Amino acid sequence: MKLLKDRILAEGRALSDSVLKVDGFLNHQVDADLMQAVGQDFCEHFKDYGITRVLTIESSGIAPAVYTAQALKVPMVILKKQTSKTLNGQVFQTNITSFTKGTSYELTLSRDYIHRDDRVLIIDDFLANGEAATGAARLVQMAGATVAGIGILIEKSFQKGRGRLEQAGFDVYSQARIARLGEGIIEFL
């Protein structure tokens, strides 16, 4: 998606060969117009997949997932990283490790917000090693629902995430695929 790539080049900062900082428009301050365009692009790509629900992991995936769900006219569900007193046992859970944060956490999905006949689109901000998307897919499968596709805003194509997801049989669509990062260097495929 040209609009997203242009924004990454204009405002993104490669802090190392594996870390890209895009907090000025995606994961600290959010550009709502850009996220709406991102949602429309995901909608256009996945419009014939029979999507019934959009899932994302809190918190950076929320903005693009909301606009995607709005464009597809389906509900959006947030997978929680922390347990809550309101999620009293009727949940699906799995452990995942965040590449960016280097920490593990339990990902939680309430049984109330997914059904066996759902065709789910998972939206995530970054794809590195595929751990977050794989964990989200595990939760969907635990519920007996179908992962219809995985939408990624920024893919670090030099890491193993895409291969891991495709090997598991998932349809992956990334809006910006990065071939190489380095201090001050951002190159797309």
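Three aromatic pairs occur in this predicted model, where rings of Phe, Tyr and Trp (its six-membered ring) pair if their centres lie within 6.5 Å, with planes under 30 degrees apart counted as stacked, over 60 as edge-to-face and the rest as tilted. Two of the pairs are set out below.

| Pair | Centre distance | Plane angle | Class |
|---|---|---|---|
| Phe42 and Tyr173 | 5.9 Å | 85° | edge-to-face |
| Phe46 and Tyr173 | 6.2 Å | 75° | edge-to-face |

Phe42 belongs to helix 3 and Tyr173 to strand 9, so their pair ties together parts 131 residues apart in sequence. The pair of Phe46, in helix 3, and Tyr173, in strand 9, links parts of the chain 127 residues apart. Helices (H or I, at least four residues) and strands (E, at least two) are DSSP runs, numbered from the N terminus. Phe42, Phe46, Tyr49 and Tyr173 make up one aromatic cluster. Phe42 is buried, with a relative accessible area of 0%, and Tyr173 is buried at 17%; buried means under 20% relative accessible area, exposed over 50% and partly exposed in between (1.4 Å probe, protein chains only). Phe46 is buried as well.

Residues are numbered from 1 along each chain as its sequence is written. Because the model is predicted, local features need pLDDT of at least 70 and side-chain atom pairs count only at pLDDT 80 or more, while totals for chains, interfaces and linings use all residues, and side-chain values use heavy atoms, leaving out hydrogens and water.

Strand 9 (residues 172-182) has eight of its eleven residues buried. Strand 9 pairs with strand 8 (residues 146-156) in the parallel sense over six bridges, two strands being paired if DSSP finds at least two bridges between them. Ile154 has Ala176 in strand 9 as its bridge partner. Strand 9 also runs antiparallel to strand 10 (residues 185-188), joined by four bridges, and Leu181 stands opposite Ile186 in strand 10. Two residues separate these strands in a hairpin, and Gly184 in the turn has a positive phi of about 80°.

The largest nonpolar core holds 33 residues, of which Leu4, Leu20, Val54, Leu153 and Ile154 touch the most other members. Such a core is a set of buried Ala, Val, Leu, Ile, Met, Phe, Trp, Tyr and Cys residues joined through side-chain atoms within 4.5 Å. Helix 3 gives the most to this core, with six residues.
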